[in-house]
Amino acid sequence: MISELISKDERFQEILERLNRKSVEDYYNPYRMFEWPDSLPENRWWMSPELTTTYGTEVAAELDQEQLYRLSRYESINFYSLNVDGIRDLIIEVTRRIHTRGFEIPSEFFHHFIGEENEHMWFFAEFCQRYGEKIYRQVESSGQDETWPEAASFLVFVRILLFEELVDHFNSTMALDERLHDTIRAVNRIHHQDESRHIAFGRELVSLLFEDLKTKASPERLDEIREYIKRYVNYSFESLFNPQVYRDAGIPEPFAVRRRLLASPRSAEFQQQVLRKPLNFLVKTGILHDRNLAPTGLPTARGNS
Amino acid sequence: MPNTTSSNLDQVRNWLLARTTERDSIDPDEDLITARLVDSLSFVEFVLTIEEASGVEIDREAIDLDDFRTLKAIERKFF
């Protein structure tokens, strides 16, 4: 039982206390935190070029500097939009669990988590609406999933952790990138600061939930769950490649461009860079056996073009 | 509705068939979700495949799963 594992784990409780304290000490008013100029200069990078989906590919070589700037603008709006949609889902899942059996001890931190995520969602949405005049809505995943009731909470927190770690790779890079406007750097910096706590918490909780899962699930079931996690990693990464972005940036044949980019050798390399830290964590804890994300079962966009 | 031919719907069918080694055909009335030809993690790719094949931009906020359940429903709604 997870509550038993948590209540016996002094280290986890100490970390929780420290993170709760940090959340109180670092509390800020996001609504007064940022300077929002009326507009941001268009002829400049909006996202570090190395983080754009076309970087180092033949597609980028076909674009001039102005088109690359424009693309980086829409890619950045897509990135912040992914945050808006992702945060909505994680707030729903954490709210479902706060003050319920098994989560008595982390509920204090869940309050900070939900509050901070709500604020992040606000400033990402604000950025998209002010400077992109839209929030890109993602296609919500629909359809049947495997039902593994014993793994439900474990998978929720794995998904949250993967999302936060993926986003944090972008935030930590862009916070330091002097090619970007101050407002862009500030949004990324502030998010990175809060997410460091959320990621530290997520890693601890996922490790504990995995210990719990191992006592309940057969080795075959664990392998099925591993396969699902790898598919989820691919699914998350591929959401960065949005054909609506290529269309808005004025690139012809946006669907074909997306396929070309996902099939390019750079995309596998980019994925390993973006997900280096969470993959290391997942392999170290035994949640995954290896970092190989090539699909072994159903193909992804990259295996099915 | 844009002008399309059955070959456009074939793109969707081919995408589905490429995801399984166990089949070489799909009945137009077959429930793709129940048959596990599409699941939650492949649904996004599925929607993008239909958008590209049909030329119709699908409103992300108005997705009704029943419009995606069978090839017949997809043809009726998007082609």
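Student: What percentage of the 305 residues in chain A is buried?

Tutor: This is a predicted model, in which local features need pLDDT of at least 70 and side-chain atom pairs count only at pLDDT 80 or more, while totals for chains, interfaces and linings use all residues. Residues are numbered from 1 along each chain as its sequence is written, and chains are lettered from A and ligands numbered from 1 in the order in which they are written. A residue is buried if 20 or more other C-beta atoms, placed from the backbone, lie within 10 Å of its own, exposed if 12 or fewer, and partly exposed in between. On this count, the buried share of the 305 residues in chain A is 40%.

Student: How many helices does chain A have?

Tutor: Helices (H or I, at least four residues) and strands (E, at least two) are DSSP runs, numbered from the N terminus. Chain A has zero strands. Its number of helices is 13.

Student: What is the radius of gyration of chain A?

Tutor: The radius is taken over C-alpha atoms, and the globule rule is 2.2 Å times the number of residues to the power 0.38. The C-alpha trace of chain A spans about 60 × 50 × 30 Å along its principal axes. For 305 residues a compact globule would have a radius near 19 Å, and this agrees with the value for chain A, 20 Å.

Student: Among contacts in chain A between residues at least 6 apart in sequence, what percentage joins residues at least 24 apart?

Tutor: Two residues are in contact if their C-beta atoms, placed from the backbone, lie within 7 Å. Of the contacts in chain A with a sequence separation of at least 6, the share joining residues at least 24 apart is 79%.

Student: Is the crossing of α2(A) and α6(A) left-handed or right-handed?

Tutor: The axes of helix α2 (residues 10-25) and helix α6 (residues 107-131) of chain A come within 10 Å and cross at roughly 35°; axes are lines fitted to C-alpha atoms, for helices over the stretch in contact, and angles run from 0 to 180 degrees between N-to-C directions. Leu16(A), Leu19(A), Asn20(A) and Ser23(A) in α2(A) meet Glu108(A), Phe109(A) and His112(A) in α6(A). A crossing is left-handed if the near helix is turned anticlockwise from the far one by less than a right angle, and right-handed if clockwise. The crossing of α2(A) and α6(A) is left-handed.

Student: Which residues touch the most other members of the largest nonpolar core?

Tutor: A nonpolar core is a set of buried Ala, Val, Leu, Ile, Met, Phe, Trp, Tyr and Cys residues joined through C-beta atoms within 7 Å. Of the 71 residues in the largest one, the two that touch the most other members are Phe154(A) and Phe157(A).

Student: Which helix of chain A gives the most to this core?

Tutor: Not counting residues up to four places away in sequence, Phe154(A) touches Leu209(A), Phe210(A) and Leu213(A). With twelve residues, the helix that gives the most to the core is α7 (residues 152-175) of chain A.

Student: Is Phe79(A) buried or exposed?

Tutor: Phe79(A) is found in helix α5 (residues 65-97) of chain A. Beyond its neighbours within four places in sequence, Phe79(A) is in contact with Met47(A) and Phe170(A). Because it has 27 C-beta neighbours inside 10 Å, Phe79(A) counts as buried.

Student: What is phi of Glu133(A) near?

Tutor: Glu133(A) is in the loop between α6 and α7 of chain A. With 8 C-beta neighbours inside 10 Å, Glu133(A) counts as exposed. Most residues other than glycine have a negative phi. Phi of Glu133(A) is positive, near 55°.

Student: Which residues is Phe78(B) in contact with, leaving aside its neighbours within four places in sequence?

Tutor: Phe78(B) lies in helix α3 (residues 71-78) of chain B. It counts as buried because 22 C-beta neighbours lie inside 10 Å. Leaving aside the sequence neighbours, Phe78(B) is in contact with Ile50(B), Ser54(B) and Val56(B).

Student: Which helix gives the largest share of the side of chain B that touches chain A?

Tutor: The contact takes 18 residues from chain A and 20 residues from chain B. By class, the chain B side has eleven nonpolar, two polar and seven charged residues, where Ala, Val, Leu, Ile, Met, Phe, Trp, Tyr, Cys and Pro count as nonpolar, Asp, Glu, Lys and Arg as charged, and the others, Gly among them, as polar. Six residues of this side, the largest share, come from helix α2 (residues 43-54) of chain B.
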